[in-house]
Amino acid sequence: MNTTCRIELDGTSHEFPVVRGTEDERAIDISTLRDRTGYITLDDGYGNTGSCRSAITFIDGDRGILRYRGIPIEDLAGKSSFVEVAWLVIFGRLPTIEDRDRFSALLTEHSMLHHSMRKHFEGFPPNAHPMAILSAMINALSCHEPDVMDIEDEATLEVAAARLMSKVRTIASASYKSSIGAPLIYPRMDLKYVENFLHMMFSVPYREYEPPPEVARALNLFLVLHADHEQNCSTSTVRMVASSQANMYASCSAGVCALWGPLHGGANVAVIEMLEFIRRSGMNVHEYVDRVKNKDSRLRLMGFGHRVYKNFDPRSKILKQAADDMLESLNLSDPLLDIALKLEEIALNDPYFIERKLYPNVDFYSGIILRAVGLPLNMFTVMFAIGRMPGWIANWKELHDDPKARIYRPRQVYVGEAKHGWEPREDR
Ligand code: ACO
């Protein structure tokens, strides 16, 4: 096995160390390349660039493996609640009963927003997108939490993480309530994490909402499956911001913005819009797939494809089964699920998708679950953000705790105009 890599440049040979990860992933450490050779590497979209060493999440995209802190997602999905998984992701070990109770108590204790924050909601127009509100309000939270801005020990981190995870849930439901012009609902001290969120979303002053157990279970699973996913677009954004030593709230607020786009977390909305379009137009599913394959259409099969998974996305498998189980036990049917199943079947047998290794990703079936929970479409990516919060916090902490961490500052290859002079206005 190579422990170094030799690069030949301008007739000179240079050796660089090869770094190996726990699961034998290999990387060439080129951190001294520019100093030694004057060259940099160029990697559009960072497809071949390892931006850090991380001990949080392991993915083997060719074998469809996802593990948080070494534990397979399939085990966690069946056995752990979102709160337990969040603690595992952030602190690196499964919580003891004591850890779990302490963290749950903190989540309950910190679910209220500072009263003045309620005024901010009144400043957004009624149709403001909840992702914009979420990002703005997470950043605004930092103004109210000066006591946890300096996080130098695990106890402070635990309080800061609990506040963020708990208040994000309150902000999300408040942004929904304000978007429909309804009164904001206070959190309840007797409810668990997911149930409390559903209460704030769906209770009204004259009627308490009590979710069926299947609904709470499915949402809990959704959050567990979204808790972390190593160096994706939003997590890399969180780390990028964190690398300037920005606080955890500012960094996670930036993560929300990165998640919003349809190629990332916004895909769970785009999938439902696509399925709705097919249903409403009455278009044959084969015809839609043909349109996607036609490059001129610039259409993509939303919820398909992944930068890392080239075999299957294990989260999609779990969610597909969960969507099916949930609809059956609630005695519901969803025509969009039927269309999704057909699309998947056609795509998985089509050479276009086979050759490009395109499989359903986490977003393909998650929307079916969120619809069955009763969540409005514009809240779907917000749900992703609530789920991803532990991963963002864990990545922020990993960078914050690394004594060798440097500010993230990629280079570029300049391809603009060569030097030329300023021209007087009348000569332009
Ligand atoms: N539908 C049709 N064709 C696709 C799709 C798709 N969903 N995804 C990729 N392709 C094609 C591309 O057109 C390209 O074809 P070409 O080689 O003929 O040019 C090839 O497959 C490779 O695609 P890239 O864009 O280079 O793949 P990349 O790794 O950059 O993108 C991404 C990954 C963004 C997820 C992409 O597959 C995509 O756009 N999927 C749809 C959006 C989506 O579901 N996003 C959610 C991802 S999961 C998450 O973020 C939580």
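How many helices and strands does the protein have? It has 18 helices and six strands. Before I go on, please keep in mind that this is a predicted model.

I'll start with the overall shape. The protein has 428 residues, and a compact globule of that length would have a radius of gyration near 22 Å. The protein comes out at 23 Å, so it agrees with that expectation. The accessible surface is about 22,100 Å², and carbon and sulfur atoms hold 50% of it. As for the interior, 49% of the 428 residues are buried. Of the contacts with a separation of 6 or more, 69% are between residues 24 or more positions apart.

For Leu301, a backbone N or O atom is 2.8 Å from a nitrogen atom of the ligand. For Gly303, a polar backbone atom is 2.8 Å from an oxygen atom of the ligand. For Tyr352, the side chain is involved: one of its N or O atoms sits 2.8 Å from a ligand nitrogen. The ligand taken alone exposes 920 Å², and the protein buries 74% of that.

Is Ser366 buried or exposed? Its relative accessible area is 0%, so Ser366 counts as buried. A polar atom of the Ser366 side chain lies 3.5 Å from the backbone oxygen of Val362. Setting aside neighbours within four places in sequence, Ser366 touches Phe222, His226, Asn268 and Leu319.

The other residue is Gly47. Where is Gly47 found? It is in the loop that runs between helix 1 (33-37) and strand 4 (57-60). Gly47 has a relative accessible area of 45%, and is therefore partly exposed. In sequence, Gly47 and Val308 are 261 residues apart, while in space their C-alpha atoms are 8.8 Å apart.

To recap the two residues: Ser366 is buried, and Gly47 is partly exposed.

Terms used
Residues are numbered from 1 along each chain as its sequence is written. This is a predicted model: local features need pLDDT of at least 70, side-chain atom pairs count only at pLDDT 80 or more; totals for chains, interfaces and linings use all residues. Side-chain values use heavy atoms; hydrogens and water are left out. Helices (H or I, at least four residues) and strands (E, at least two) are DSSP runs, numbered from the N terminus. Buried means under 20% relative accessible area, exposed over 50%, partly exposed in between (1.4 Å probe, protein chains only). A polar contact is a pair of N or O atoms within 3.5 Å; within protein, one must be able to donate a hydrogen and the other to accept it, and residues adjacent in sequence count only if both atoms are side-chain atoms. Accessible areas come from the Shrake-Rupley method with a 1.4 Å probe; for residues, only the protein chains shown count as cover. The radius of gyration is taken over C-alpha atoms; the globule rule is 2.2 Å times the number of residues to the power 0.38. Contact means heavy atoms within 4.5 Å.
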